[in-house]
Amino acid sequence: MGASSPRSGLSLRAVWTAEQRRMARWSPRSRRQLVAALPRLKRALRPALHRLCSHREGCGGVKGAARRIQRSLPRARYVARCDIAAYYNSIRHDRMLGLLAEAGVAQRECALVRDYLALPDTRGTGRGLTASGSLSPLLGALYLAPLDHAMGARMRRGQLVCYVRYMDDFLLLARTRWQLRRAIAALHEEIASLGRQLHRVKRFIGRTAKGFDFLGYRIRAGARLRPSAEGLRRLRERARRIYEREGDVQRLRQYVLRWWGGVSSAASMDS
């Protein structure tokens, strides 16, 4: 299948689903358009985005988020970890375009994003963001930026010790159980405004002293960061896919060494 738009010039070659997420392959010319538009969008959206969204470029990434949490643990007794069910597939196009307009993004970029959202939406649902594509991480940061700002304000008022978001994964740290409950209620309220819910199964609420998993790390006060059981499972799964696809032992070895190097550097920088 294929689709194109005369408004932006984007041309889509194929759409498919992998791991319950929509994927897209754009034409070579469209990929160049998207890469060229990304710096302009970043500049326009910089005032609207928040540094607490860790998956943004320059905001720490997975390792930075894990280290920020580890440093906050001495001041927090309670933790909540959760995510949004079917986040990519639930993103509303009208809300995304409204956020772009509020940020003062130029019409040219708005038209590009409109088609970036609409062309892969082959059923015309008005929802969904592709998990592949150069604009997706930035748009994923923008969509929940109001929540980031609200949680950042709670931290400044001393109503929350720490808040971290990595795409659709959230973590809250609080001094008291009551403080955590109020922060979770505020989180639910913002998510409900999108017509979505937090995942009922993939969540954890408890005491920080027992330790918890987040973004592939096992985090516990007084202990170095180490891979979580889920992080190791994902490593095995991705390594298996690399070997099945390429059959190259050297490529597999390089992947595992890079993964371990990232884990080790996060742990050493935290110690």
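## A friendly briefing on this chain

Of the contacts in the chain with a separation of 6 or more, 66% are between residues 24 or more positions apart; contact here means heavy atoms within 4.5 Å. This is a predicted model, in which local features need pLDDT of at least 70, side-chain atom pairs count only at pLDDT 80 or more, and totals for chains, interfaces and linings use all residues. Residues are numbered from 1 along each chain as its sequence is written, and side-chain values use heavy atoms, with hydrogens and water left out.

**The whole chain**

- The chain holds ten helices and ten strands; helices (H or I, at least four residues) and strands (E, at least two) are DSSP runs, numbered from the N terminus.
- For 271 residues, a compact globule would have a radius of gyration near 18 Å, and the chain agrees with that at 20 Å. The radius of gyration is taken over C-alpha atoms, and the globule rule is 2.2 Å times the number of residues to the power 0.38.
- The C-alpha trace spans about 55 × 50 × 30 Å along its principal axes.
- Buried residues are 46% of the 271 in the chain. Buried means under 20% relative accessible area, exposed means over 50%, and partly exposed is in between (1.4 Å probe, protein chains only).

- Four strands form an open sheet in the order 5-6-4-7, with antiparallel pairing; two strands pair if DSSP finds at least two bridges between them.
- Its edge strands are strand 5 (162-166) and strand 7 (204-207), each pairing on one side only.
- On average, neighbouring strands of this sheet are turned by 10° against each other, direction ignored. For angles in this briefing, axes are lines fitted to C-alpha atoms, for helices over the stretch in contact, and angles run from 0 to 180 degrees between N-to-C directions.
- Strand 5 and strand 6 are antiparallel and share five bridges, with L173 in strand 6 as the bridge partner of C162.
- The hairpin of strand 5 and strand 6 has two residues between the strands, and M167 takes a positive phi near 55° there.
- Strand 4 and strand 6 run antiparallel and are joined by six bridges; A80 stands opposite L172 in strand 6.
- Strand 4 (residues 78-83) is also joined to strand 7 by four bridges, again antiparallel, and Y78 has R207 in strand 7 as its bridge partner.
- Five of the six residues in strand 6 are buried, so this strand is mostly covered.

**Helices lying on this sheet**

- Helix 2 lies across strand 5 and strand 6 (169-174), and runs at about 165° to strand 5.
- Helix 8 (residues 177-192) lies across strand 4, strand 6 and strand 7, and runs at about 150° to strand 6.

- A second open sheet has three strands in the order 8-9-10, with antiparallel pairing.
- Strand 8 (212-214) and strand 10 (226-227) are the edge strands, as each pairs on one side only.
- Three bridges link strand 8 and strand 9 (residues 217-219) in the antiparallel sense, and F212 has I219 in strand 9 as its bridge partner.
- Helix 2 (residues 61-72) packs on this sheet too, touching strand 8 and strand 9, and its direction makes about 10° with that of strand 9.

**Helix against helix**

- Two packed helices are described by the angle between their axes and the distance between the axes.
- The axes of helix 6 (residues 136-143) and helix 7 (residues 145-156) come within 4 Å and cross at roughly 50°, which makes helix 6 oblique to helix 7. Angles under 35 degrees count as roughly parallel, over 145 as roughly antiparallel, 65 to 115 as roughly perpendicular and the rest as oblique.
- In this contact, A141, L142 and Y143 of helix 6 meet A145, P146 and D148 of helix 7.
- The residues where helix 6 contacts helix 7 are five nonpolar, no polar and one charged. Ala, Val, Leu, Ile, Met, Phe, Trp, Tyr, Cys and Pro count as nonpolar, Asp, Glu, Lys and Arg as charged, and the others, Gly among them, as polar.
- Helix 4 (residues 93-102) packs with helix 6 at an angle of about 85°, their axes 10 Å apart, so helix 4 and helix 6 are roughly perpendicular to each other.
- R95, M96, L99 and L100 in helix 4 meet L139, L142 and Y143 in helix 6; by class, this contact has six nonpolar, no polar and one charged residues.

**A loop residue to look up**

- A131 sits in the loop between helix 5 (107-118) and helix 6, and is partly exposed, with a relative accessible area of 26%.
- R22 is 109 residues from A131 along the chain, yet their C-alpha atoms are separated by 6.0 Å.
- Not counting residues up to four places away in sequence, A131 touches R21, R22, M23 and Y88.
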